[in-house]
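Here are my notes on the two-chain model. Please read them with the structure open.

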Amino acid sequence: MKLLKTNKFAIASALAAVAFGVSSASGADQLTVVSWGGAYTKSQVEAYHKPYTKQFGTKILSENYSGGLAEIKAQVEAKSVKWDLVDLEMSDAIRGCDEGLLETVDISILPKGDNGVAAKDDFIDGAITDCAIANIVWSTIYAYDKSKFSGKKPQTMADFFDTKKFPGKRGMRKTPKANLEFALTADGVPARDVYKLLATKEGVNRAFKKLDTIKSSVIWWEAGAQPPQLLADGEVAMTTAYNGRIFNAIAVEKKPFEIVWDGQVFDMDLWAIPKGAKNKAEAMKFLAFSTDTKRLAGQAAWISYGPARKSSIPLIGKHAEAGIEMGPHMPTAANNFKNVVQNDFEFWADRQDELNERFNAWLAK
Amino acid sequence: MDMAPKTLETSRSEILSTVDGQPLKKALARTERTKRFKAILLVAPLLTFITVTFLYPICLMLFRSVENPLVAENMPQTLEVLQKWDGKSLPSELAFAAAAKDLAAARKSKMIGRLATRLNFETSGLRSVITGTARKVKKMEAPFKEAMIQARSQWGDVATWSTIKRLGPTIIDVNYLAAVDRGYNVKGEIELRDEDRRIYVSLFGRTLLMSLIVTVASLFLGFPIAYLLASLPLKYSNLLMILVLLPFWTSLLVRTTSWIVLLQTQGVLNDVMVWLGLFEDEQRVQLIFNAQGTVIAMTQILLPFMVLPLYSVMKTIHPSYMRAAESLGAHRYTAYWRIYVPNTLPGIGAGSLLVFILAIGYYITPALVGGQDGQMISNLIAFHMQKSLNWGLAAALGGILLGGVVILYWLYNSLVGVERLKLG
């Protein structure tokens, strides 16, 4: 009798699984949206996914990844695309578009700004590309644990590289991107000359030489959630990080961290649709919905990344949980935006193979 | 002369037959055949499974390491013109015109990005040269030489053209050359890369060295454990066996992260040392996120693969061998070294080979605890699969690793003999 019951249950659940599988494959009542996880994905779920589901009834599956085009390339080449919408870094969005891994986006689907300005003028420069539309601006900064430095506090990028004045381990992302820029800024190169110099062999040598000075004290991280954890664990005294993650640790988790904005490397994240996505039309709809003035401003209530639309900026208010005014914590706030390097995606798309190789060789030495 | 028919007759009369009159030999052959057929039928699912999920992907990977269709397919006219090019000075206007046509076509067929990426793997910076020129090529007019050099100055470099020519063939060796830190120069000679870009050879070396250390360490740790297990009475040894198997059944990730918790500078081990006063709070030692952390974690994770074959071989060594040696006058230790240890050699061989081969392809543990100097070759293969998307190079690195394992196996076979390998 008992056996019979178990069997029935098994059959029922199998049937349910089949039914569910069929329904999910048949149409646009479900959307798979892929992003970077942690506080960042949470901000998107709160500001985009929930309102979208409420309005249109479409269920949204949120998946995490750690950047790069590998999964998209694998899915597109195998002609089995499981992701509908992906949050990409600028250089990957450009490269993915070039290589035909992404659908092109017709910008006429983007709604006008709340103030009536057409989308192409409302988005900040570079935010609209052939295959991807930016939703946020973010930056790589460095942050330190206030409790670790009783006297003088680090203030400039040069301080990050000065282990004599500010002893302790450093956390850095395991990639040449942003680190080479930091190294040159710390070495006294003005922001506007950084990429000009990096395009030359001497410039790259100079950057690696600067990195050499702290190499033995660096702990390398790969996922965006790691640096706040490293700081909290006391494994490092300062670390480079994405500004939103550190803000989240300060505002929500009440950690004694402080962001240093000097020399920040400024970048954008974009929504893109993998070529051949199953729910392409629905993904386009979601893309247009999530990048309207209100939603972009809404996301800024959850994480300190700046909206990609100018019309959203006046709408930025307080943090949804901590009640902190968000404006001053944005990378673009006047006080923070003084010595800034804007990530040159063309440079990185061109030189990343060579520089990655050199970086890996340098690491292994 | 009349001997022959006679022999034939006797042999014919001696043919054995079954009850129903069939020759026994034939009947036997038939049953054997059916048996063999049934055996094949039984093995067939496994065989197809292995072919589909193992052999086929490996062949595909090896093929990917040499195939190179992109340039040949998208720059056919340029390559044709370049065939007669001497490779020393800039090619003629013909080549520029052909390239302009090819780029325009590639832009139209949307292959331009892939073509640019492929060329960029070989010569850094070519990506934007290709895509940038392709964007402007529609408006270009003859002479194309001036127009293209004006669009991007790199078209005036011989190196750009020699890269295109070199990547022309559909089957190429550049991935394997890159995998051993070599490449072609402008003259078409193979040479070592710049010193600051050499990485793979030393990384292969480090992978071998670390795997060797892990193998030796697990042999030294595993041998006494296996001996204890084999010589204790069953009720104790079973209990101990569970202690060996329990970590074996635990997830690899859990075990690796446990090592992080134990060994990190703010971790358990360092805390205990500081608490005991062995050193000051500022002098905490870096035990993980480096090579030694990788070796420690990998040794613990791979230890069961050493203990189990050793144990099963030791179980089969009869105690009477030792007793016989001692009764013939050997000292206990002599008997142990000259009789017992040589008998465990098949187990040592099996365990070491197993641990070593698993170790050189290890990925997750070095990725998590390797830091900067504990990375192995598999981590760079993963890097090229996931980040740089240079699958050709990843396949070439994988191919070399596979070749290395095959050579090791062959060496082992010719030195020790695979038939002496004993897993139990």
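1. Setting aside neighbours within four places in sequence, Ala272(A) is in contact with Val86(A), Leu88(A), Ala93(A), Gly96(A), Leu102(A), Cys131(A) and Ala132(A). Contact here means C-beta atoms, placed from the backbone, within 7 Å.

2. A word on conventions. This is a predicted model; local features need pLDDT of at least 70, side-chain atom pairs count only at pLDDT 80 or more, and totals for chains, interfaces and linings use all residues. Residues are numbered from 1 along each chain as its sequence is written, while chains are lettered from A and ligands numbered from 1 in the order in which they are written.

3. Ala272(A) is among the residues with the most contacts inside the largest nonpolar core, together with Leu85(A), Ala132(A), Ala143(A) and Leu270(A). That core has 156 residues. Helix H15 (residues 291-315) of chain B gives the most to this core, with 14 residues. Another core, of 29 residues, lies apart from it and includes Ala95(B), Leu103(B), Ile112(B) and Ala151(B). A nonpolar core is a set of buried Ala, Val, Leu, Ile, Met, Phe, Trp, Tyr and Cys residues joined through C-beta atoms within 7 Å. Buried means 20 or more other C-beta atoms within 10 Å of a residue's own, exposed 12 or fewer, partly exposed in between.

4. Now the packing of H15(B). Its axis and that of helix H17 (residues 332-360) of chain B come within 8 Å and cross at roughly 155°. The two helices are therefore roughly antiparallel (over 145 degrees between N-to-C directions). The crossing of H15(B) and H17(B) is right-handed (the near helix is turned clockwise from the far one by less than a right angle). Among the residues that meet are Met298(B), Leu302(B) and Phe305(B) in H15(B), and Leu354(B), Val355(B) and Leu358(B) in H17(B). The residues of this contact divide into 15 nonpolar, four polar and no charged. Ala, Val, Leu, Ile, Met, Phe, Trp, Tyr, Cys and Pro count as nonpolar, Asp, Glu, Lys and Arg as charged, the others as polar.

5. Ala97(B) is found in helix H5 (residues 93-108) of chain B. Helices are DSSP runs of H or I, at least four residues, numbered from the N terminus. Is Ala97(B) buried or exposed? Ala97(B) is buried, because 20 other C-beta atoms lie within 10 Å. Leaving aside neighbours within four places in sequence, Ala97(B) is in contact with Ala142(B) and Phe144(B).

How values were computed: Two residues are in contact if their C-beta atoms, placed from the backbone, lie within 7 Å. Axes are lines fitted to C-alpha atoms, for helices over the stretch in contact, and angles run from 0 to 180 degrees between N-to-C directions. Angles under 35 degrees count as roughly parallel, over 145 as roughly antiparallel, 65 to 115 as roughly perpendicular and the rest as oblique.
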